[in-house]
Amino acid sequence: MMSVKNLSLGKSKVSTGRPMRLIWMSALLAAAMLLLLPSIFKLDGNTHADWQQFLGRFHPSVVHLPIGLILLLPVLEIAGRFRPALLEAAAFVLSLSLLSCVLALTLGYLLAYGGGEGGAGVARHMWGGIALTIGVGSCALVRSASGGLRGVYPWLLGSVLVLLAWTAHQGGSLTHGDRYLTEYLPQPFKRLIGGGAVQAKTFAYPESFYAKHIYPVFDANCITCHGEGKVKGHLRLDSYDRLMRGGVDGAVVIPAHPERSTLFNRITLPPADKKFMPSEGRPALKPEEIAWIKAWIAQGASPELKTLTGIYLPQDEPLPQVGDYSGKMAAIAQAAKAAGVTLVPVSRNLGDGLILNTVDAGAKFGDAQLVSLEPFAPYIVEAELGRTAVTDASLGSLAKFTHLRAIHLEGTAITGNGLAQLAQLQQLKYLNLSGTQVTAAAVAPLTSFKGHLYLYNTPARPIPAAHDGQPTARKEP
Ligand code: HEC
């Protein structure tokens, strides 16, 4: 490193007495100002002047300048050992690095300050940028210094490079989320760095309407700006407590008063309004999501309430899977052929089960044929037996098809004798007995049945009182 020292640019100019002291003084002053910046212009969560945001938005592109220049430094310093002219270039690049750091830091600060940013992620990135600028400045000073101090330079430059990587990563996490880099990392490496396991969000009341329907809306639409990394408007929406704590202007949810809740007002403004959320031209929430949020606030914004009056939600639990029958395919095909029916997979996923389709068999399909399919009963999720020759004798047989979700018995000779056995079918959601001879008395044992029950054109019509008014029992005209 001796030759480096002797050749370093500008050394002779600044190493003498007064000017040198002056330079150090002003450097210290500049560093102190940088360190004080966050306490002078506090990131208070409020947005500020438009020009600040306008300039600030150049930050994400301008940052690449210091990154490139700083990375070039070690290359020039090392190559300079063989080609001394490059050492001069290194000094020049170092000055440029410092200038570009100051520029990027200024723009970054304008972006955060102007845009009402805050939060741990923004703070980490900001302090990284400040430390980096001071680090690069120190490099410039030390490199041009004389004596022992000069020997510190390689170490300082090394630390600056590490800091650069860290700060850049913090910045990247703000724009892309902190799993961006590791998302597609092969599993073994993920385990190695310990960042692979995606933490499932935990709730105090996992079955609540909040956990199942309100939080997911915020998660998908708001948390990039109102989460741990970024906290715009001082508002975090990534937990119930933080949501209720509110933002810069206090509470954003007033239980029982959606119309007085800032949050509800913000999502229902015209999308062109400056205050509309989600901001920055992102698509508005869906009408049903807005309706859920409104009803949830109106009914007390509770963290534990499971259902809301007036809100209908489709069953969103995944359908139960049937067992693995891949080893029995041949036997299933054979049995289906013998019975004159087809057993059609619901989807490519075998676990979704099979549909028993009898259109080709028609009246040739009767009780005996259904019995012949019993060995495969657990794999069949729908039985289309409409207009076949099955009778009440088949009701006992159907009770063994434990995974049935839908049974069509319309237009059959069923009278309902033994219908009670179908009450055992836990997953049954649809039972069509239209056009059969079932009576009200025969249907009565199915009171606990929670699915759609069709009784059009039967002696049982009108539907017995037990089913009247149930949202699940359909009345036909
Ligand atoms: C692109 C970033 C961004 C997204 C996405 C976003 N917000 Fe905001 N939000 C902001 C900024 C910036 C502020 C502060 C400036 C302001 O009040 O308009 C803010 C402020 C708010 C406030 C006011 C806080 C207070 O106390 O004044 C509410 C309420 C709010 N957002 C709700 C939401 C909701 C709900 C969503 C999702 C549907 C959302 N935001 C999505 C950027 C965003």
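## Close-up views of a predicted model

**View 1. Helices α11 and α14 are oblique to each other.** This is a predicted model, and here we zoom in on helix α11 (residues 209-221) and helix α14 (residues 287-298). Their axes come within 10 Å and cross at roughly 130°, which is why the pair counts as oblique. The crossing of α11 and α14 is left-handed. On the α11 side, the contact is made by F209, Y210, H213, I214 and V217; α14 brings E289, W292, I293 and W296. Sorted by class, the residues of this α11-α14 contact come out as 7 nonpolar, 1 polar and 1 charged.

**View 2. Helices α6 and α9 run roughly antiparallel to each other.** The helices in this view are α6 (residues 64-79) and α9 (residues 153-176), with axes that come within 10 Å and cross at roughly 150°. Angles over 145 degrees count as roughly antiparallel, and α6 and α9 therefore get that label. Their crossing is left-handed. From α6, look for I67, I70, L73 and P74; from α9, the contact residues are L157, V160, L161, L164 and A168. What classes of residue make up the contact of α6 with α9? There are 9 nonpolar residues, no polar ones and no charged ones.

**View 3. Helices α7 and α8 pack with their axes 9 Å apart.** Helix α7 (residues 85-114) and helix α8 (residues 120-144) pack at an angle of about 160°, so α7 and α8 are roughly antiparallel to each other. The crossing of α7 and α8 is left-handed. The α7 residues in the contact are A91, L94, S95, S97, L98, C101, V102, A104, L105, G108 and A112. They meet V122, M126, G129, I130, L132, T133, V136, G137, C139, A140 and R143 in α8. By class, the contact of α7 with α8 has 15 nonpolar, 6 polar and 1 charged residues.

**View 4. The ligand lies between domain 1 and domain 2.** Why does the ligand lie between the two domains? Domain 1 (2-190) and domain 2 (209-298) both give residues to the shell around the ligand, so it lies between them. There are 27 residues around the ligand, and C222, C225, K232, G233 and G247 come nearest. Helix α13 (residues 262-268) supplies the largest share of the shell, 4 residues. Split by class, the shell residues are 10 nonpolar, 11 polar and 6 charged.

**View 5. A cis peptide bond joins M277 and P278.** Check the backbone here: omega is about -5° for the bond between M277 and P278. Where is P278 found? Follow the chain into the loop between α13 and α14, and there is P278.

**View 6. A301 has a positive phi.** This residue is something other than glycine, yet its phi is near 50°. You will find A301 in the loop between α14 and α15 (329-339).

Technical notes
Residues numbered from 1 in each chain as written. Predicted model: local features only at pLDDT ≥ 70, side-chain atom pairs only at ≥ 80, totals over all residues. Near = placed C-beta within 6 Å. Helix = DSSP H or I, 4+ residues; strand = E, 2+ residues; numbered from the N terminus. Nonpolar A, V, L, I, M, F, W, Y, C, P; charged D, E, K, R; others polar. Domains from an automatic or database assignment. Axes fitted to C-alpha atoms, helices over the stretch in contact; angles between N-to-C directions. Parallel < 35°, antiparallel > 145°, perpendicular 65-115°, else oblique. Left-handed = near helix turned anticlockwise from the far one by under 90°. Contact = placed C-beta atoms within 7 Å.
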